[in-house]
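Trainee: Hey, could you walk me through this one? I'm new to it and would like to start with the pockets.

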Amino acid sequence: MRPRETRTTLLERIVELGGATVAQLSRELEVSDATVRRHLERLEAEGLLQIEAVRRGPGRPSYLYRATDDGVRTVRDHTSELAERLLTEMARLQVEQSSISEALADQVAAAHRAEVPVGSLEQRVNAVVDALRPEGILDHWQRTERELKLVNNACPYIGAATTSSCVCDADRLAIEKLLGVEVEQTERLAKGDDGCVYIVPLEPISLDAQFKQAV
């Protein structure tokens, strides 16, 4: 078993047991205490485990390794599956998904608005891409003769996006809210395209102007 696979197995077993000692884990994996301890130290350094001293009578305490919240998420995070089920159920119940998209976009925009300074359109686009890159929403952008092209190469929630357009709409709206101009999504990974592509014309329609036209 490779070192990473061994560490994953150890972490999974610790989560299942709610905590385990070196002796327990070495017996189960049939490896030496020293080997187990070395892997546990690595997992602890990564913030996936914490050590708890347990006393059972006189003498030296035993040490119990427990998974941290990050450790539990590493081996037992099924958020994407839950999101897919929720979106499927929303569609079945005919819940108004546009309001969900708007609310999600508001949250993302609020979290990153301070990272987008006042400036030219290109400066704002550059700042928005930098702000949303850690979210997995955008990777890079480029300028063509007529437009600015914002691209994401890997969807962070492809299962949910395939189930419903709600999350894709939320990403586009978040970009719009941060830029303050209308944004068009022309390609989607969830539809089999090579990437998610968002287009901003070099002479964009501001959201304020769009609202006035609608009124």
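Trainee: How many nonpolar, polar and charged residues does the lining of the largest pocket have?

Mentor: Before the count, keep in mind that this is a predicted model. The lining of the largest pocket has 15 nonpolar residues, 2 polar ones and 2 charged ones.

Trainee: And what volume does the largest pocket have?

Mentor: The volume is about 400 Å³. There are 19 residues lining the largest pocket, and Leu104, Tyr157, Val167, Ala170 and Asp171 are the ones that lie nearest its centre.

Trainee: Which helix gives the most to the lining of the largest pocket?

Mentor: That's helix 6, with 6 residues. Helix 6 covers 97–112, and together with helix 5 (79–92) and helix 9 (166–179) it's in the group that each supply at least two residues of that lining.

Trainee: OK, new topic. How many disulfides does the count come to?

Mentor: The count comes to 0 disulfides. Take cysteine 155: it's in no disulfide, and the nearest cysteine sulfur belongs to cysteine 196, 5.6 Å away. Cysteine 168 isn't in one either, with the sulfur of cysteine 196 again the nearest, at 5.7 Å.

Trainee: Why do those distances rule a disulfide out?

Mentor: Because the two sulfur atoms would have to be within 2.5 Å.

Trainee: Is cysteine 168 buried or exposed?

Mentor: Cysteine 168 is buried, with a relative accessible area of 6%.

Trainee: Let's do strands. How do strand 3 and strand 4 pair?

Mentor: They pair in the antiparallel sense, over 4 bridges. Strand 3 runs over residues 140–143 and strand 4 over residues 147–152. The two form a hairpin, with 3 residues between them.

Trainee: What is the bridge partner of glutamine 142?

Mentor: Look at lysine 149 in strand 4, which is the bridge partner of glutamine 142.

Trainee: Switching to charges: how many salt bridges does the count come to?

Mentor: The count is 12 salt bridges. One of them joins arginine 66 and glutamate 52, whose closest N and O atoms are 2.7 Å apart.

Trainee: What about aspartate 169, which side chain does it meet in a salt bridge?

Mentor: It meets arginine 188, at 3.1 Å from N to O. Aspartate 169 is in helix 9 while arginine 188 is in the loop between strand 5 (184–187) and strand 6 (196–201), so that pair ties together parts 19 residues apart in sequence.

Trainee: And are those two buried or partly exposed?

Mentor: One of each. Aspartate 169 is partly exposed, with a relative accessible area of 21%, whereas arginine 188 is buried, with 16%.

Trainee: Which residue does arginine 172 form a salt bridge with?

Mentor: Glutamate 176, with the closest N and O atoms 3.1 Å apart. Both are in helix 9, and because they are 4 residues apart, about one helical turn separates them. Glutamate 176 counts as buried, at 7% relative accessibility.

Trainee: Which residues do salt bridges that share partners join into one network?

Mentor: Those are Arg4, Arg42 and Glu46, joined into one network.

Notes:
Residues are numbered from 1 along each chain as its sequence is written. This is a predicted model: local features need pLDDT of at least 70, side-chain atom pairs count only at pLDDT 80 or more; totals for chains, interfaces and linings use all residues. Side-chain values use heavy atoms; hydrogens and water are left out. On a 1 Å grid over the protein atoms alone, a cavity is a set of points where a 1.4 Å probe fits but cannot get out, and a pocket is an open set with protein on both sides within 12 Å along at least five of seven lines; lining residues have an atom within 4 Å of a point. Grid points are joined across faces, edges and corners, and a volume is the space filled by probe spheres set on the points. Ala, Val, Leu, Ile, Met, Phe, Trp, Tyr, Cys and Pro count as nonpolar, Asp, Glu, Lys and Arg as charged, and the others, Gly among them, as polar. Buried means under 20% relative accessible area, exposed over 50%, partly exposed in between (1.4 Å probe, protein chains only). Two strands pair if DSSP finds at least two bridges between them. A salt bridge is a side-chain nitrogen of Lys or Arg within 4 Å of a carboxyl oxygen of Asp or Glu.
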